[in-house]
Amino acid sequence: MNKRLIIDINSIIPFLLSGRVTGIGRTTFQLITELSKLNDVLPFTIILFSQNMRGVSGGKMDSPFDSKHFYLPHRESINKFFAFVPLKEIFLNYDFMHVPHNFEYVFQPDKTLFTLHDALFMKISEKSFDHLKMRKEVPKLMHKCKGIITCSQASKKDIVETMSLAPDKIDVIYWGIDHFVFHPIEDKAKVAWLVIDNFNINSPYFLSVSCSSERKNTDKLVLSYIQLLKNSPLNDLVLIWPDPPDFVKLMVQKSGLGNRVHFLANLSDEQLVLLYNGATALFFPSSYEGFGLPVLEAMACGTPVVTCRNSSLPEVGGEAALYMDDPNPENILNYLERFENNEFDRNSISLKGIKQASKFDWTKTAGEYINVYKKYLEFEN
């Protein structure tokens, strides 16, 4: 009889409900999609676990895997019971569980594999996240669990150092990219027309994919671009930023040229690919990343990338990205000006980026996950 592997897909539920998804949810969705293609050759049975009052489960995914669902709110007050009462163990009857979203309350951590995407909460305090709770709870759980996967060598190093964990407990598996979705579009005239038609942007533009986390430094990018506006630049600034803070919107308004800055949200992958392909460059001035998916997506589309030489970003960008040592407004402005003045060979950078992105593939990622699953399932024999 096949061993039973439970994969917790609660990070995907927002996407199944509304189409919105975080980076963790996005990578979990892609992992399940790729594992689904390999179902016929898997030496174990995968079951997708979800928990919410709406009844939204793995059954909504185009997947051959069975799904199990708890009709309970997915809230901390409820989930804490799972650390003391073996409800999942009794009702799901699993041999091993994979939690791909950093943290979850579990009764048997010694039968659990976690994907811990980074150690951000151990190194940086951000207002938008409950990092104090994470610092208290996550290290204890990581010591108790059977194994950990993380998505970069930089994240592994940080996890080991900040949580005093043995390095051999952690497997590094890079995230992949769907090259059928994220790819260069050769007809640039068509791209320009579609960008106008979809977004009413009729100028060249710099692009940023961000959120309101302080470490993303997108406010510094906006400040630098406002300085660039004094020289009447050719490029607009397009920010894929669902909920920019009021002080950023006020900063743009006071510049008097707010029509040059575009805030976009709730884009499909097709629209995102279109924007990558049309951009002069992607600016990703983050101070810390466990991986940095926008860097990889942009390079796969042939878009030059400006990012920072910290955390995992050099692992993803390789020799293809352009790096700042410090994402301060002066350095960002310098790169904005250099692209404005055509100081870079964009075609050469584009080709390097496409080559670098080709190293990251979801089939490879899924295969490496399967090997880790097999290691721990065999351990349970």
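Biologist: At what angle do the axes of helix H12 and helix H15 cross, and within what distance do they come?

Modeller: In this predicted model, the axes of H12 (residues 293–300) and H15 (residues 346–357) cross at roughly 120° and come within 7 Å.

Biologist: Why are H12 and H15 called oblique to each other?

Modeller: Angles of 65 to 115 degrees count as roughly perpendicular, and those over 145 as roughly antiparallel. The crossing is at roughly 120°, so H12 and H15 are oblique to each other.

Biologist: What is the hand of the crossing of H12 with H15?

Modeller: H12 passes H15 in a left-handed crossing. On the H12 side, Leu296, Met299 and Ala300 make the contact. On the H15 side, Gly353, Ile354, Gln356 and Ala357 make it.

Biologist: How do the residues of the contact of H12 with H15 divide into nonpolar, polar and charged?

Modeller: Five are nonpolar, two are polar and none is charged. Gly counts as polar.

Biologist: What percentage of the residues in the protein is buried?

Modeller: Buried means under 20% relative accessible area, and 53% of the 381 residues are buried.

Key: Residues numbered from 1 in each chain as written. Predicted model: local features only at pLDDT ≥ 70, side-chain atom pairs only at ≥ 80, totals over all residues. Heavy atoms only, no water. Axes fitted to C-alpha atoms, helices over the stretch in contact; angles between N-to-C directions. Helix = DSSP H or I, 4+ residues; strand = E, 2+ residues; numbered from the N terminus. Parallel < 35°, antiparallel > 145°, perpendicular 65-115°, else oblique. Left-handed = near helix turned anticlockwise from the far one by under 90°. Contact = heavy atoms within 4.5 Å. Buried < 20%, exposed > 50% of the residue type's maximum accessible area, 1.4 Å probe, protein only.
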